[in-house]
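Q: Can we walk through this one together? I'd like to learn how to read its features one at a time.

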Amino acid sequence: MLISKSKMFKTFWILTSIVLLASATVDISKLQEFEEYQKFTNESLLWAPYRSNCYFGMRPRYVHESPLIMGIMWFNSLSQDGLHSLRHFATPQDKLQKYGWEVYDPRIGGKEVFIDEKNNLNLTVYFVKSKNGENWSVRVQGEPLDPKRPSTASVVLYFSQNGGEIDGKSSLAMIGHDGPNDMKFFGYSKELGEYHLTVKDNFGHYFKNPEYETMEVAPGSDCSKTSHLSLQIPDKEVWKARDVFQSLVSDSIRDILEKEETKQRPADLIPSVLTIRNLYNFNPGNFHYIQKTFDLTKKDGFQFDITYNKLGTTQSISTREQVTELITWSLNEINARFDKQFSFGEGPDSIESVEVKRRFALETLSNLLGGIGYFYGNQLIDRETEFDESQFTEIKLLNAKEEGPFELFTSVPSRGFFPRGFYWDEGFHLLQIMEYDFDLAFEILASWFEMIEDDSGWIAREIILGNEARSKVPQEFQVQNPNIANPPTLLLAFSEMLSRAIENIGDFNSDSYHQVMFNSRTAKFMTNNLEANPGLLTEYAKKIYPKLLKHYNWFRKSQAGLIDEYEEILEDEGIWDKIHKNEVYRWVGRTFTHCLPSGMDDYPRAQPPDVAELNVDALAWVGVMTRSMKQIAHVLKLTQDEQRYAQIEQEVVENLDLLHWSENDNCYCDISIDPEDDEIREFVCHEGYVSVLPFALKLIPKNSPKLEKVVALMSDPEKIFSDYGLLSLSRQDDYFGKDENYWRGPIWMNINYLCLDAMRYYYPEVILDVAGEASNAKKLYQSLKINLSNNIYKVWEEQGYCYENYSPIDGHGTGAEHFTGWTALVVNILGRF
């Protein structure tokens, strides 16, 4: 049975097939190889823990009418208030000592570890798939952190076969027991077909006191064996599995207490009281709870397997020995692929060994990949609220309406804090992902591009689809508005992908270019097929170009600035005629204290705000967009478009110098009208990330004397250079460390990474081992690279996580923890720079 997919991918692959059939140089065997690539992509990425907000939650990709949903929860049921410590969604409030993937690849599987001191549990979850990606198994393995401490691991699984309420056929039913603790289910999905689901114990001791004749405290409430409850839960409410479980167990507790003659009971019967049962005599339904309560005073712990097999499969997973073999193969395969893409050697950094450096990088990359999710549902959009740009007060989006449904395949910045798609973040994520799995990065990029509106070209700065995703978002950020932009980093990533393909094969337009075909027969896990096949990327670029053009035009139009306000001022300065009037920009939606559209929320801007304000970073991002569009036009042989983009790019570069460079401050600055004298152009100079962005985005000409001045700013320890990375705002700025202090000093990896990459572009000698005294740029490059790597590793070693940003004072992690979004770019710095 075929898996349902988005229209975009169907159209794309049909188009590719037509192109191949029409080519006189491509035979049927080559078309078959393309089909094999498509099949490999679909199958290898079908199943994974795509519920990014859960500690462990499964769902299939591009199956949204009748998906099988699965999740794992756990708590210590020997504690009377154990239900309050029921783990489900990843959240910092749980205060786990560690959670995350040590090794992971969504195509293959991996190993996730949880250290939960409150629940006295060291929990490991292995996820593996059959080689064809059709079937999967999850091994749940737990050990006590302290076997002397009386406690239980009450592990709660849940499964929901969605879709039955619509198609009347999709369902999941238990069909048998193999002993009291092993279960088998039969399921049917309109999109996935028929399958078996099994839950089998490998070892472990269920909690019980041998002095009692029975552990059952009420019919069905017995912790000494596996408990199962089936009921009907609406598809849209499945994500509330934790709430429903807590509610049903709480009702059961009240019922037990009301029927007891005495309120006193032995403490070791509490786990039975906290066991789910069918109190209300529900009829079997689409949703199933399975609860296993293990005694954590037993040192050997417990282990059980959950296995999904599609009926009629040729690669079924039938025994625990097979699961063990798949775990071994998967971990070895991921390690081999990682070593192929990244290399680590002895260096000047302070990381104690190459192996430790490699382990840190592998775990960091694994957690970036482990945040990849598939989201489906409606988005809240307010298209009615009008912006009064002269007020600069916070605009309340009170006219939201649900639109959709939409679907998005994306990585996320942080599973615990930000488990949703962020436009500004995703381009940076892809710069890291493409180094490991080029084709996976393309799949994500293509999904994002599908979110561009056909009529307007707008794309929301946050993609929050459905109630499950919305539940993790503060209400004030749930609604999106088509006036609000964000830095267009996706085009930055797409440009890099095209550049990589051109470098590997040669110019797409060259006569020497030959089609390189896929060979999935000999390289089953080759994941740079698109990088080696620019023809395929070209066909995609042809299809997506009209959407990208609309997006490009929307961005330039919606963020266009008011240059006429400066006419008299710039005439007096003698540069009015040199200014390119159409290439001036500002961020729409800024307030007195914040400029959320810029991505650098509280970075200091002009005070007081003025409608005439022009933002250097908005202009710089238009330059990046334009350069990317120019490159796509070149690939597609759209000569006139390419020339037009080249002209706009040049105008952007010239405006950066003419409008935004301050000779007095030796840096790029926002500009505004002087509030005390409206005949003066005011340079709003806050030295920091905004000042260096034209450099970071490679928009300064290579022969410009301004390069050295930017390098001098980045090298100045009195301003933004530090032992931990480049500060977001100069220590000498009046706003440094003030108020929210988000982008007012803390160190962020994304801009640091762009600066390192730009130094490699402007100063190729920084990566060469050349005798003699190093240049200022090389000294900066080497020290910045070492400082970033050392500090992020040090914090990871001490605190267990990567962080959203880092303190400019002592380098400790700040902001969101377990932030393996763009902070994961440290892997490129360690393994490829």
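**Reading the model**

A: Let's start with helix H14 (residues 616-635): its 20 residues reach 29 Å from first C-alpha to last, close to the 28 Å expected at 1.5 Å a residue. That expected span is 1.5 Å times one less than the number of residues, and helices (H or I, at least four residues) and strands (E, at least two) are DSSP runs numbered from the N terminus. Keep in mind that this is a predicted model, where local features need pLDDT of at least 70, side-chain atom pairs count only at pLDDT 80 or more, and totals for chains, interfaces and linings use all residues. Residues are numbered from 1 along each chain as its sequence is written, and side-chain values use heavy atoms, with hydrogens and water left out.

Q: Is H14 mostly covered or uncovered?

A: Buried means under 20% relative accessible area, exposed over 50%, and partly exposed in between (1.4 Å probe, protein chains only). H14 is mostly covered, with 17 of its 20 residues buried. After the helix comes Lys637, with a positive phi near 60°.

Q: What is Gln246 in contact with, leaving aside its neighbours within four places in sequence?

A: Contact means heavy atoms within 4.5 Å. With those neighbours left aside, Gln246 touches Leu83 and Leu86. Gln246 is found in helix H4 (residues 241-259) and counts as buried because its relative accessibility is 16%. The Gln246 side chain also reaches the backbone oxygen of Leu83 at 2.8 Å. A polar contact is a pair of N or O atoms within 3.5 Å; within protein, one must be able to donate a hydrogen and the other to accept it, and residues adjacent in sequence count only if both atoms are side-chain atoms.

Q: Where is Val244, then?

A: Val244 lies in helix H4, and at 24% relative accessible area Val244 is partly exposed. Its contacts, beyond neighbours within four places in sequence, are Ile233 and Tyr289.

Q: How about the largest pocket: which residues lie nearest its centre?

A: Rolling a probe the size of a water molecule over the atoms shows where empty space is left. On a 1 Å grid over the protein atoms alone, a pocket is an open set of points where a 1.4 Å probe fits, with protein on both sides within 12 Å along at least five of seven lines; lining residues have an atom within 4 Å of a point. This pocket is lined by 42 residues, and Arg461, Glu462, Glu476, Phe477 and Leu596 lie nearest its centre.
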